[in-house]
Amino acid sequence: MPRSAIAPQPLSDRELAELQALLDALPAPLDPLDVSALDGFLCGVLVQPEPVPRERWLAHAGDADGRRLPSGYDAVRLHALIERRHAQLQRAIGRRVWFDPWVFDLDPPDVGEPDEADDEHGAAAAAAVEAVFPWVAGFAAALENFPALLRRAGPALNEPLALLYRHLDPDDLEDAADLLAEIDATEPPADLGEAVEQLVRATLLIADVAAALAPRR
């Protein structure tokens, strides 16, 4: 069986915790992503119209600014875990199939009395935004560091990008009037499950936009 046909092994919970510990252990002044932001970042890398060289995107996993690891630093295990997740996401996005984003639930809101339903729903929606924010911030960081998609896609990105960027501070999008208008017209997710579903949907829709921009081979 060709190697490309073999599905990468997903990281176990233990390996995910190990990856976070390895990121946390990177020496100052490096500013590594956490695993949720890293996951969004990898998705932002993978939806580019042309492949981003490994050494370029991998540098940003260990430091938000892409600074290199100290000479002689043993990053073999760190990179192996990151590249496994990259391969898993690459397979899912390439096939346009569901993947489980690394988004972590916060403490659910307390269940109140029936007349508190509106407050409860509002709390669930707010918790969803807080939970998905690191993932979306990572995705946005990838598009900022590798701007080919944003530069070339134009308005075609507004609808799917609104599903993601509505979780960011509007002040950070002040130069994107069309995108802000799309965000205003988009119904916010009711809870975390819906928010996560929309992360995946938006990623796959953006991948479709990028595929139309990719050079013909």
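The following legends describe close-up views of a predicted model.

**Figure 1. Overall helical organisation of the chain.**
The chain contains nine helices and zero strands. Of the 217 residues, 40% count as buried. The accessible surface amounts to about 12,200 Å², and carbon and sulfur atoms contribute 51% of that area. Among contacts with a separation of 6 or more, 76% join residues 24 or more positions apart.

**Figure 2. Packing of helix α7 against helix α9.**
Two packed helices are described by the angle between their axes and the distance between the axes. Helix α7 spans residues 158-165 and helix α9 spans residues 192-213; the two pack at an angle of about 150 degrees, and their axes lie 9 Å apart. Because angles over 145 degrees count as roughly antiparallel, α7 is roughly antiparallel to α9. The crossing of α7 past α9 is left-handed. On the α7 side, the contact involves Pro 160, Leu 161, Leu 163 and Leu 164. These residues meet Gln 198, Leu 199, Arg 201, Ala 202, Leu 205 and Ile 206 of α9. By class, the residues of this contact comprise eight nonpolar, one polar and one charged.

Ala 195 is placed in helix α9. Its relative accessibility is 0%, so Ala 195 counts as buried. When residues up to four places away in sequence are not counted, Ala 195 touches Ala 128, Val 132 and Pro 189. Leu 163 is 32 residues from Ala 195 in sequence, and their C-alpha atoms are 8.6 Å apart in space. Leu 163 is also one of the α7 residues in the contact with α9.

**Figure 3. Asn 158 in helix α7.**
Asn 158 is found in helix α7, the helix that covers residues 158-165. With a relative accessible area of 17%, Asn 158 is buried, because the cut-off for that class is under 20%. Apart from neighbours within four places in sequence, Asn 158 is in contact with Asp 178, Leu 179 and Glu 182.

**Figure 4. Crossing of helices α1 and α4.**
Helix α1 (residues 13-24) and helix α4 (residues 76-95) cross at roughly 130 degrees, and their axes come within 10 Å. The two helices are therefore oblique to each other. α1 passes α4 in a left-handed crossing. From α1, the residues making the contact are Glu 15, Glu 18, Leu 19, Leu 22 and Leu 23. From α4, they are Arg 77, Leu 78, Leu 81, Ile 82 and Arg 84. This contact of α1 with α4 has six nonpolar, no polar and four charged residues.

**Figure 5. Crossing of helices α3 and α4.**
Helix α3 (residues 54-62) packs with α4 at an angle of about 115 degrees, and the axes are 11 Å apart. The helices are therefore roughly perpendicular to each other. The crossing of α3 past α4 is right-handed. Arg 54, Trp 57, Leu 58 and Ala 61 of α3 make the contact with His 79, Ile 82, Glu 83 and His 86 of α4. Divided by class, the residues of the contact are four nonpolar, two polar and two charged. Ile 82 of α4 also takes part in the contact with α1.

Arg 96 lies in the loop between α4 and α5, the latter helix spanning residues 117-145. Although Arg 96 is not a glycine, its phi is positive, at about 55 degrees. Arg 96 counts as partly exposed, with 32% relative accessibility. Val 97 is found in the loop between α4 and α5, and at 38% relative accessibility Val 97 counts as partly exposed. Not counting residues up to four places away in sequence, Val 97 touches Ala 92 and Leu 204. Val 97 and Leu 204 are separated by 107 residues in sequence, with a C-alpha to C-alpha distance of 8.0 Å.

The peptide bond from Ala 28 to Pro 29 is cis, and its omega is near 10 degrees. Pro 29 lies in the loop between α1 and α2, where α2 covers residues 35-46.

Key. Residues are numbered from 1 along each chain as its sequence is written. This is a predicted model: local features need pLDDT of at least 70, side-chain atom pairs count only at pLDDT 80 or more; totals for chains, interfaces and linings use all residues. Side-chain values use heavy atoms; hydrogens and water are left out. Axes are lines fitted to C-alpha atoms, for helices over the stretch in contact, and angles run from 0 to 180 degrees between N-to-C directions. Helices (H or I, at least four residues) and strands (E, at least two) are DSSP runs, numbered from the N terminus. Angles under 35 degrees count as roughly parallel, over 145 as roughly antiparallel, 65 to 115 as roughly perpendicular and the rest as oblique. A crossing is left-handed if the near helix is turned anticlockwise from the far one by less than a right angle, and right-handed if clockwise. Contact means heavy atoms within 4.5 Å. Ala, Val, Leu, Ile, Met, Phe, Trp, Tyr, Cys and Pro count as nonpolar, Asp, Glu, Lys and Arg as charged, and the others, Gly among them, as polar. Buried means under 20% relative accessible area, exposed over 50%, partly exposed in between (1.4 Å probe, protein chains only). Accessible areas come from the Shrake-Rupley method with a 1.4 Å probe; for residues, only the protein chains shown count as cover.
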